[in-house]
Amino acid sequence: MKITGSKASVFLDSFDNSNVVIGDGSIETTAKHKYFVISKAATSSIPVPEGTFFIAPAGVSQITLAVGDRVLKIEPDRFCKTTASFEFAMGSVEAGDDCDPGATISDGILTISGSLAGLFRYDDATQDLDNVTEIVVNRFLDIIEDDGAGVYTLHKRNDEQIYLLTLLNSGGAVGTTENWLFVPINITSMSMSLGNTDVQNKDLSFSKGEGQPIIYKVPVSA
């Protein structure tokens with residue numbers, strides 16, 4: 001079977017130190033929650049390597065975080081895309097000699113880059129920027145909140161890493177397989193279009209950040 005790009009749903013979250021969970025031998029994961037593994041103890045029960053991603057089991061039985069485990073709870077918000085693209089590249093090294101002129105071998109270095117396009121979105125009730133839009137804007141601009149009554153809150157420009165999760169085949173029935181593309185990214189550029197007869201939009205470019213990109217397969221649960 002083949003499916004359209006509209007079946008791919010994109011989600012973003014940014015690093016937030018308050019969402020780091022430090023294992024103590026009794027803390028457990030939360031069912032179906034998403035986690036990025038910062039570090040693992042020698043006795044860790046975390047089933048994936050450091051620098052990558054997992055989803056906690058859907059049932060009652062959970063993973064106990066050992067002393068020395070540190071994970072980031074990922075709380076992704078949907079990026080309502082109009083277009084999305086990814087480019088995966090592997091470098092090569094010249095390895096030619098007079099027995100095999102022009103030969104190359106892989107240098108083993110993976111690079112990922114891409115772009116996302118979407119619309120500026122505002123909360124229907126408050127007219128505030130939605131979470132995803134604010135995460136993106138705050139990568140480039142300080143944000144000052146004024147409550148109108150003399151309280152001013154400064155959110156300094158934040159260049160922390162972002163976690164990009166793309167569900168490639170959304171809408172599957174319970175028991176079928178979800179295919180997630182997980183990539184830690186840095187947003188490298190943003191452009192805005194505010195034409196009088198156009199919808200306000202934002203176009204982003206990104207490159208791979210720190211951590212391991214993976215395809216993650218998990219059954220759809222009820």
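Reader: Which strands form the open sheet, and in what order?

Author: Strands of a sheet pair through backbone hydrogen bonds, either parallel or antiparallel. Here four strands make an open sheet in the order β2-β5-β3-β4, with antiparallel pairing. Strands (E, at least two residues) and helices (H or I, at least four) are DSSP runs numbered from the N terminus, and two strands pair if DSSP finds at least two bridges between them. At the edges stand β2 (20-22) and β4 (53-55), each with a single partner strand, so one side of each has no neighbour in the sheet. The twist from one strand to the next averages 35°; axes are lines fitted to C-alpha atoms, for helices over the stretch in contact, and angles between N-to-C directions run from 0 to 180 degrees.

This is a predicted model, in which local features need pLDDT of at least 70 and side-chain atom pairs count only at pLDDT 80 or more, while totals for chains, interfaces and linings use all residues. Residues are numbered from 1 along each chain as its sequence is written, and side-chain values use heavy atoms, with hydrogens and water left out.

Reader: How many bridges join β2 to β5?

Author: Three bridges join β2 to β5 (residues 70-74), and the two run antiparallel. Valine 20 has leucine 72 in β5 as its bridge partner.

Reader: What is the pairing of β9 and β10?

Author: β9 and β10 pair in the antiparallel sense over four bridges. Glutamate 145 stands opposite threonine 153 in β10. Five residues lie between the strands of this hairpin, where glycine 148 takes a positive phi near 80°.

Reader: How many salt bridges does a search of the whole structure find?

Author: Side chains of opposite charge can pair when their charged atoms come close. The search finds one salt bridge, meaning a side-chain nitrogen of Lys or Arg within 4 Å of a carboxyl oxygen of Asp or Glu. Lysine 156 and aspartate 142 form it, at 3.5 Å from N to O. Lysine 156 lies in the loop between β10 (152-155) and β11 (162-167), and aspartate 142 in the loop between α1 and β9 (143-146), so the pair ties together parts 14 residues apart in sequence.

Reader: Which residues make the nonpolar surface patch?

Author: Phe88, Met90 and Leu110 make a patch of about 290 Å². Patch residues have over 30% relative accessible area and no salt bridge; like charges are joined within 9 Å, nonpolar side chains (Val, Leu, Ile, Met, Phe, Trp, Tyr) within 5 Å. Accessible areas come from the Shrake-Rupley method with a 1.4 Å probe, and for residues only the protein chains shown count as cover. Methionine 90 belongs to strand β7 (residues 81-94).
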